[in-house]
Amino acid sequence: MKIKSNQIVKNYSGKFVSGEFTKLDGTQRKFHGQLRTNTRSTDQIVFWDLTKRAMRSISLQSDFIIIRCGKSTFQIGEVA
């Protein structure tokens, strides 16, 4: 079963999260922000980036994604 971005957002319902992911070009990125519902695509996680003060997105096709919120962790793939 393919996971959809809005299923992930629902689990964290507006809470602030941190994490990291591998961009499609292979570089690693860390982030801190608040997940938002993506009304355009279910293949990307959208979040408000507190550091950059802008909306950002993470492709669910990334090899590695980890989202942390309190004691809860969501992970796709393994870090290379």
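## The model

The model is predicted: local features need pLDDT of at least 70, side-chain atom pairs count only at pLDDT 80 or more, and totals for chains, interfaces and linings use all residues. Residues are numbered from 1 along each chain as its sequence is written, and side-chain values use heavy atoms, with hydrogens and water left out.

## The whole chain

The chain has 1 helix and 6 strands. Helices (H or I, at least four residues) and strands (E, at least two) are DSSP runs, numbered from the N terminus. In sequence order the pattern is α-β-β-β-β-β-β. The radius of gyration, taken over C-alpha atoms, is 11 Å, close to the 12 Å that the globule rule gives for 80 residues, so the chain is as compact as a globular protein of that length. That rule is 2.2 Å times the number of residues to the power 0.38.

Of the 80 residues, 35% are buried. Buried means under 20% relative accessible area, exposed over 50%, and partly exposed in between (1.4 Å probe, protein chains only).

## Helix 1

Helix 1 covers residues 5-12. Its residues Ser-5, Ile-8, Val-9 and Tyr-12 are buried.

What covers the buried residues? The cover includes strand 1 (16-22), strand 2 (28-36), strand 3 (44-49), strand 5 (65-69) and strand 6 (72-76). After the helix comes Gly-14, with a positive phi near 80°.

## The hairpin

Strand 5 and strand 6 pair in the antiparallel sense over 5 bridges. Strands pair if DSSP finds at least two bridges between them. Cys-69 has Ser-72 of strand 6 as its bridge partner. The two strands form a hairpin with 2 residues between them. In the turn, Gly-70 has a positive phi of about 60°.

## Two loop residues

Ser-62 sits in the loop between strand 4 (54-59) and strand 5. Its relative accessibility is 6%, so Ser-62 counts as buried. Ser-62 touches Thr-22 and Leu-24 (heavy atoms within 4.5 Å), not counting residues up to four places away in sequence. The Ser-62 side chain also reaches the backbone oxygen of Ser-59 at 2.9 Å.

Lys-23 lies in the loop between strand 1 and strand 2. At 27% relative accessibility, Lys-23 counts as partly exposed.

Technical notes: A polar contact is a pair of N or O atoms within 3.5 Å; within protein, one must be able to donate a hydrogen and the other to accept it, and residues adjacent in sequence count only if both atoms are side-chain atoms.
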